[in-house]
Amino acid sequence: LGIEISLIGARSHPNREERRTLFKDALQQSSEFIERYSDEPVADRARRTMIEACYEYGAYLLDEISIARDEAPETVAELEEQASDVYKDGISACEKVMDGIGSRRKENGSEAQRDYYVTWLFKAMLERESARASTRDRVPLSRIARDTFEEFIFDVGEGTVLGLRGWFEMS
């Protein structure tokens with residue numbers, strides 16, 4: 001609950017520095033919770049919350065990078081590194097959730113299958129945003145994201161709702 005509250009506050013707080021603090025707090029609490037309960041099913045739920053937090057905090061950092069390019073260019077490299085780390089954490093959480101679901105995803109229409117595909121889509125989106133955040137590694141990271149999107153789209157089905165969302169996100 002504390003993680004969710006920090007994340008809600010980070011999404012809506014008007015003060016940018018306070019938002020940053022709340023995002024960091026949500027990620028730290030998520031990491032601690034996952035570490036404490038890593039083998040229990042509740043850890044996957046916390047990982048999914050962490051994935052969302054990484055995506056949203058990364059978007060916040062991308063905005064900060066844009067602002068810093070005009071106002072404080074000397075901080076851009078540090079912000080890019082922070083964003084890259086946040087996206088890597090999110091991608092890692094996606095991989096752990098997907099590994100945890102494993103073969104249960106093969107049950108058509110199951111909740112496990114839906115969670116697997118949504119997590120896979122988030123992984124591709126995090127990889128795409130990671131490429132946007134990194135000026136140095138943009139090309140190789142973009143290729144990785146594109147490959148992930150393509151694999152996802154072909155696996156889930158090009159004409160399904162998630163497949164169409166994948167096409168949209170890839171474009």
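**Close-up views of a predicted helical model**

A search of the whole structure, a predicted model, finds 10 aromatic pairs.

**View 1. The ring pair of phenylalanine 33 and tyrosine 37.** The ring centres of phenylalanine 33 and tyrosine 37 lie 4.8 Å apart, and their planes meet at 50°, so the pair is classed as tilted. Phenylalanine 33 is partly exposed, with a relative accessible area of 25%. Tyrosine 37 is likewise partly exposed, at 28%. Valine 42, located in helix α3, touches Phe33 and Tyr37, residues up to four places away in sequence not being counted. Valine 42 has a relative accessible area of 35% and is therefore partly exposed, since this class lies between 20% and 50%.

**View 2. The ring pair of tyrosine 57 and tyrosine 60.** With ring centres 6.0 Å apart and planes at 20°, tyrosine 57 and tyrosine 60 form a stacked pair. The two residues are 3 positions apart in helix α3, which means that about one helical turn separates them. Beyond four places in sequence, the contacts of tyrosine 57 are Arg20, Phe23, Lys24, Leu27, Gln82 and Val86.

**View 3. The largest nonpolar core.** This core has 43 residues, and those with the most contacts inside it are Leu27, Tyr57, Leu61, Leu126 and Phe152. Helices α1 (2-12), α2, α3 (41-71), α4, α5 (111-133) and α6 (138-156) each supply at least two of its residues. Phe152 also belongs to a cluster in which ring pairs link it with Tyr116, Tyr117 and Trp120.

**View 4. Helix α5.** Of the 23 residues of α5, 18 are buried, so the helix is largely enclosed by the rest of the structure. At 1.5 Å a residue α5 should span 33 Å, and its end C-alpha atoms, 32 Å apart, agree with this value.

**View 5. Helix α4 and the glycine that follows.** Helix α4 (residues 76-101) comprises 26 residues and reaches 37 Å from its first C-alpha to its last, close to the expected 38 Å. Just after α4, glycine 102 adopts a positive phi of about 45°.

**View 6. The surroundings of arginine 19.** Arginine 19 is situated in helix α2 (residues 16-36). This residue is buried yet has no salt bridge; the nearest side chain of opposite charge, aspartate 63, is 6.1 Å away. Arginine 19 touches Ala10, Arg11, His13 and Tyr60, when residues up to four places away in sequence are left out.

Key:
Residues numbered from 1 in each chain as written. Predicted model: local features only at pLDDT ≥ 70, side-chain atom pairs only at ≥ 80, totals over all residues. Heavy atoms only, no water. Helix = DSSP H or I, 4+ residues; strand = E, 2+ residues; numbered from the N terminus. Buried < 20%, exposed > 50% of the residue type's maximum accessible area, 1.4 Å probe, protein only. Lys, Arg positive; Asp, Glu negative; His and termini not counted. Salt bridge = Lys/Arg side-chain N within 4 Å of Asp/Glu carboxyl O. Contact = heavy atoms within 4.5 Å. Expected span 1.5 Å × (residues − 1). Core = buried A, V, L, I, M, F, W, Y, C linked by side-chain atoms within 4.5 Å. Phe/Tyr/Trp six-rings, centres within 6.5 Å; stacked < 30°, edge-to-face > 60°.
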